[in-house]
Amino acid sequence: MAASLFTPFQMGKFNLSHRVVLAPMTRCRAIKEIPLPAHVEYYTQRSTKGGFLITEGTLISDTAAGFPGTPGIYTDEQVEAWKTVVDAVHSKGGIIFSQLWHVGRATNHDKWRIIMPDRTLDVPHKPRALQTHEVWEVIEQYRRAAENAIRAGFDGVEVHGAHGYLIDQFLKDSINDRIDEFGGSIENRCRFLMEIVKVVAREVGTDRLGVRISPAIDHMDAMDSDPLNLGLAVIDRLNKFQTQIGSKLAYLHVTQPRFTAHGTKNYGEEKEDEEARLMRTWRRAYQGTLMSSGGFTRELGMKALADGDADLISYGRLFISNPDLVHRFKVDAPLNGYNRETFYTQDPVVGYIDYPFLEQENGEMTQ
């Protein structure tokens, strides 16, 4: 029988009851980089027994932020606050990973316009490249953040290596102009990610580690001249690492090329076929669980799983506006529409935990 969104799946040591994953999404609701009671409610609303959730990007240090209201996981106070979130998710039988995040040059928006939550444009600044010794210091920050995530009770972590942020800036040849061991050849450009993978895996266990990449995404000018082979280079190194360690990663999370920050690109059939070829090539190359994200609907998710193009599908905007998305998908019910204007506000309720659940026939709300 072909896989579907509701087919159970064994993700390493984790028994998933379905394949609908909460994608990591910036929501800007933290205060002083500390999660709030609203975070507990937000993640609990979207938890299901045997369901898998990935947190919003979580800062690995006090220099990692690019947007206001982003939570961190580098202080004891932050760890304690995340514990309440994790405990609430676990109480509903859910599984939750922390996404580890450093935005890199996106802390200094000199080449693109960043609309802040109050709708103003951020003041541009000129970024600088990390010195080589600072690169190693950031790698250590990833290790400490992973250690803190386990202290907070998270089931694992996802290393965010996508979407134009720090790790992706090392991977993409349009940005990486370094002349040290982290720049130049594709091997050197992959080194930063792999050094992080190594230290995080030692800290949390390979089977508690996911990695997210987006070789074909051009978000924030992060482009590569050969995205197909960049993806294959990363995958080859991850495969070799898994063989060397004798344990597989929890998953590899790849963003569809058609995805953008503002929606999905409407291409002609030829371009869509090319992007499907990229994803299928990476899928065949990777030796482990593959999660796909980027503008999926219920129908597109079902098709990707049935065709064997992915093992898990992560949903973002649909999960924002439908806290009971899994149930709605299962009964094929109508979905709430989402409001982009409240995606990134710092209101702890509006656009965050106030989207309605589907009313069941007995008048109760399903969670």
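A residue counts as buried under 20% relative accessible area, as exposed over 50%, and as partly exposed in between. Aspartate 173 has 30% relative accessibility, so it falls in the partly exposed class. The model discussed here is predicted.

**Aspartate 173**

Aspartate 173 sits in the loop that links H4 and H5. Leaving aside residues up to four places away in sequence, aspartate 173 touches Arg189, Met223, Asp224 and Ser225. Isoleucine 186 is 13 residues from aspartate 173 in sequence, and their C-alpha atoms are 8.3 Å apart.

**Overall make-up**

The protein contains ten helices and twelve strands. It has 367 residues, and 56% of them count as buried. Take the contacts between residues at least 6 apart in sequence: 73% of these join residues at least 24 apart. The accessible surface is about 15,500 Å², with 50% belonging to carbon and sulfur atoms.

**The barrel**

Eight strands form a closed barrel with parallel pairing, in the order S3-S4-S5-S6-S7-S8-S11-S12. From one strand to the next, the twist averages 25°.

| Strand pair | Sense | Bridges | Residues standing opposite |
|---|---|---|---|
| S6 (residues 156-161) and S7 | parallel | five bridges | valine 157 and leucine 209 |
| S7 and S8 (residues 251-255) | parallel | four bridges | glycine 210 and tyrosine 251 |
| S8 and S11 (residues 290-293) | parallel | four bridges | histidine 253 and methionine 291 |

How does the chain cross from S7 to S8? It passes through helix H6 (residues 227-245), and this β-α-β crossover is right-handed.

**Strand S7**

Strand S7 covers residues 209-213. Five of its five residues are buried, so the rest of the structure largely encloses the strand. Both faces are covered. Leu209, Val211 and Ile213 are buried on one side, while Gly210 and Arg212 are buried on the other.

**Helices H1 and H2**

Helix H1 (residues 37-45) is largely enclosed by the rest of the structure, because seven of its nine residues are buried. These are Ala38, His39, Val40, Tyr42, Tyr43, Thr44 and Gln45. They pack against strand S3 (20-22), S4, H2, S5 and helix H9 (317-321).

Helix H2 (residues 76-91) lies across strands S4 (52-59) and S5 (95-101). Its direction is at about 150° to S5.

**Helix H3**

Helix H3 takes in residues 132-151.

Which residues of H3 are buried? They are Glu134, Val135, Val138, Ile139, Gln141, Tyr142, Ala145, Ala146, Asn148 and Ala149. An α-helix has 3.6 residues a turn, so residues three or four places apart point the same way. The buried residues of H3 pack against H2, S5, S6, helix H4 (166-171) and helix H5 (186-204). Just after H3 comes glycine 153, with a positive phi of about 100°.

Conventions: Residues numbered from 1 in each chain as written. Predicted model: local features only at pLDDT ≥ 70, side-chain atom pairs only at ≥ 80, totals over all residues. Heavy atoms only, no water. Buried < 20%, exposed > 50% of the residue type's maximum accessible area, 1.4 Å probe, protein only. Helix = DSSP H or I, 4+ residues; strand = E, 2+ residues; numbered from the N terminus. Pairing = 2+ DSSP bridges. Right-handed = clockwise from strand over helix to strand, strands pointing away. Axes fitted to C-alpha atoms, helices over the stretch in contact; angles between N-to-C directions. Contact = heavy atoms within 4.5 Å. Expected span 1.5 Å × (residues − 1). Areas by Shrake-Rupley, 256 points an atom, 1.4 Å probe, with all protein chains shown as cover.
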